[in-house]
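Here is a protein chain to look through together, from the overall fold down to a few residues. Have the sequence and the 3D view open as you read.

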Amino acid sequence: MKRSVLSATLGLTLAGALVALPVAAASAAPTASSGYAADANSGATYAGSAEEAANNQAFYQAVMASAKAKQAADPGLATVTVTYDTSGAPSFTSQIAQAAQIWNGSVHNVQLQEAVGGTGDFSYTEGDDSRGSYASTDGHGHGYIFIDHQQAQEYYSLRIVAHETGHVLGLPDDYSGPCSELMSGHGPGTSCTNAYPDANESGQVDYLWANGVDQVN
């Protein structure tokens, strides 16, 4: 489920995942395979790469930057609302809405909400890519989640969307984890249909977003 790419000018190195950028950003194709990489035969044996981890972290940092701006405008803000745009992924609007509901019911310090007017902190887009689904950022505070059509047919599409959204909230991949762990991605195989984060994953997100953005350096 996750593969992200950073612009050559980006020097950030973090470890989480997400941010928003217009669909046009899809031209900056990712280079590292991810949690829902197309080479599913590698399954749980795929451990990810340093570049992928850095890209995921940069994506998360971009979203956090947007959250900081919101908190600056409202210093008393305790729960940050992260907005997303679905106009680039019309085939997956239902899964995106369900994934947002899942996360909103699993965490307390951050909530996901569809943007009004076509702009958000990050966006979803879809298409065909031999590298599978991923999250990507241009390094300038914008990012998107790409959902690959073929992969969404092979794996449970709601799990793919929920997993990639987990990167937006700061969670890294853990391909060797069990099906009960959302961020294990494609590791458990095509039979895994769990789209919910486990207690540890939910707790980690709440920690990262405690009191808005207090945990961010």
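Predicted model: local features only at pLDDT ≥ 70, side-chain atom pairs only at ≥ 80, totals over all residues.

Residues are numbered from 1 along each chain as its sequence is written, and side-chain values use heavy atoms, with hydrogens and water left out.

Let's start with the overall layout. The protein chain has five helices and six strands, where helices (H or I, at least four residues) and strands (E, at least two) are DSSP runs numbered from the N terminus. Reading from the N terminus, you go through β-α-β-α-β-β-β-β-α-α-α.

Of the 217 residues, 55% are buried; buried means under 20% relative accessible area, exposed over 50%, and partly exposed in between (1.4 Å probe, protein chains only). The chain exposes about 8,600 Å², with carbon and sulfur atoms supplying 52% of that; the areas come from the Shrake-Rupley method with a 1.4 Å probe, and for residues only the protein chains shown count as cover. Among contacts with a separation of 6 or more, 74% are between residues 24 or more positions apart, a contact being heavy atoms within 4.5 Å.

Now zoom in on a helix pair. Helix α2 (residues 93–106) packs against helix α4 (residues 157–168) at an angle of about 55°, and their axes are 9 Å apart. That angle makes α2 oblique to α4, since angles under 35 degrees count as roughly parallel, over 145 as roughly antiparallel, 65 to 115 as roughly perpendicular and the rest as oblique. Axes here are lines fitted to C-alpha atoms, for helices over the stretch in contact, and angles run from 0 to 180 degrees between N-to-C directions. On the α2 side, the contact residues include Ile96, Ala99 and Trp103, and on the α4 side they include Leu158, Val161 and Thr165.

Val168 also sits in helix α4, and at 0% relative accessibility it counts as buried.

Finally, look at Thr193, in the loop between α4 and α5 (199–208). Thr193 counts as partly exposed because its relative accessibility is 48%. Beyond its neighbours within four places in sequence, Thr193 touches Tyr156 and Cys179.
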